[in-house]
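Subject: A structure for you to look at

Hi,

Here is the structure I promised you. Please open it beside this email and follow along.

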Amino acid sequence: MGCCTSQENSEEAQRKIAVVGDSGVGKTSLIQRLMTDDFDENTPQEYIASALKVDEKLIELKKGKKVRLFIYDTGGQETFKHLRKLNYPKSDAVIICFSVDNIESLQNVKKNWVPEMQRLCPGIPMLLVGNKVDIRHESESIKNFVPRGKGENTAKKNKMVGYIECSAKTDEKVKDVFEKIAQVALQRKVIRKEETA
């Protein structure tokens, strides 16, 4: 029933969000941008996140609703596979990330990340996020980039709740990602309560 116990009638709900994807696709930078409103150019491409790193952020939605997100940043390397499973239980929703400058990272969404989440957290809402869109904007050639339509199709085919392209570097649509996942996580809790009633 989600990570946190709180009365849904109170002003602030709490939700657990897992953030997954291949190593180097920008998961940590995305979370850092949300948490600090800053982008660290020195974060290494192959940054190794702690499999148990948790950030907490209060998100304010429309109509005054507040959601405290507990955001689990997971290492994408194969060596963390057994540790990632510790982060998933009782998650309310998941953000699956890929990098728009890395077609293999999108292929791994279908090949690895969606099946892993479906196996470990059946029915969990998944939001697909294409990171590093600033690189596509700055490039003179788009042939090496994942087209927006390909991301949208992947989200649709895998029954995800949506697709958002963003940039932690420029702060483009970062807030949109976390507002969307907060709304989805809140809705999941309502559905779960109706199912058990």
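Start with the largest nonpolar core of this predicted model. The core has 27 residues. L30, L69, I95, V129, V177, F178 and I181 touch the most other members. The largest share comes from α6, with 8 residues. As general background, nonpolar side chains in soluble globular proteins tend to be buried together.

There is also a second, separate core. That one holds 20 residues, including Y88, V114, A155 and Y163.

Now zoom in on V129. Which residues does V129 contact, leaving aside neighbours within four places in sequence? The list is L30, I95, I96, C97, F98, Y163, I164, C166 and V177. I164 is also the bridge partner of V129 in β6. The strands β5 and β6 pair in the parallel sense, over 4 bridges.

Stay with β6, residues 162–165. Both of its faces are covered. G162 and I164 lie on one side, Y163 and E165 on the other, and all are buried.

Next, Y88. Find Y88 in the loop between α2 (81–87) and β4. Is Y88 buried or exposed? Its relative accessible area is 1%, and buried means under 20%, so Y88 is buried. Not counting residues up to four places away in sequence, Y88 touches K16, A18, V20, T74, W113, E116, M117, L120 and C121. Take V20 from that list. Y88 and V20 are 68 residues apart along the chain, yet their C-alpha atoms are separated by 9.9 Å.

Then look at α1. This helix is mostly covered, with 7 of its 10 residues buried. The buried ones are K27, T28, S29, L30, I31, R33 and L34. D37 follows α1, and its phi is positive, near 55°.

Last, zoom out to the whole chain:

- The chain has 6 helices and 6 strands.
- From the N terminus on, the elements run β-α-β-β-α-β-α-β-α-α-β-α.
- Of the 197 residues, 51% count as buried.
- Take contacts between residues at least 6 apart in sequence: 72% of them join residues at least 24 apart.
- The accessible surface comes to about 10300 Å², and 48% of it belongs to carbon and sulfur atoms.

Best wishes

Key. Residues numbered from 1 in each chain as written. Predicted model: local features only at pLDDT ≥ 70, side-chain atom pairs only at ≥ 80, totals over all residues. Heavy atoms only, no water. Core = buried A, V, L, I, M, F, W, Y, C linked by side-chain atoms within 4.5 Å. Buried < 20%, exposed > 50% of the residue type's maximum accessible area, 1.4 Å probe, protein only. Helix = DSSP H or I, 4+ residues; strand = E, 2+ residues; numbered from the N terminus. Contact = heavy atoms within 4.5 Å. Pairing = 2+ DSSP bridges. Areas by Shrake-Rupley, 256 points an atom, 1.4 Å probe, with all protein chains shown as cover.
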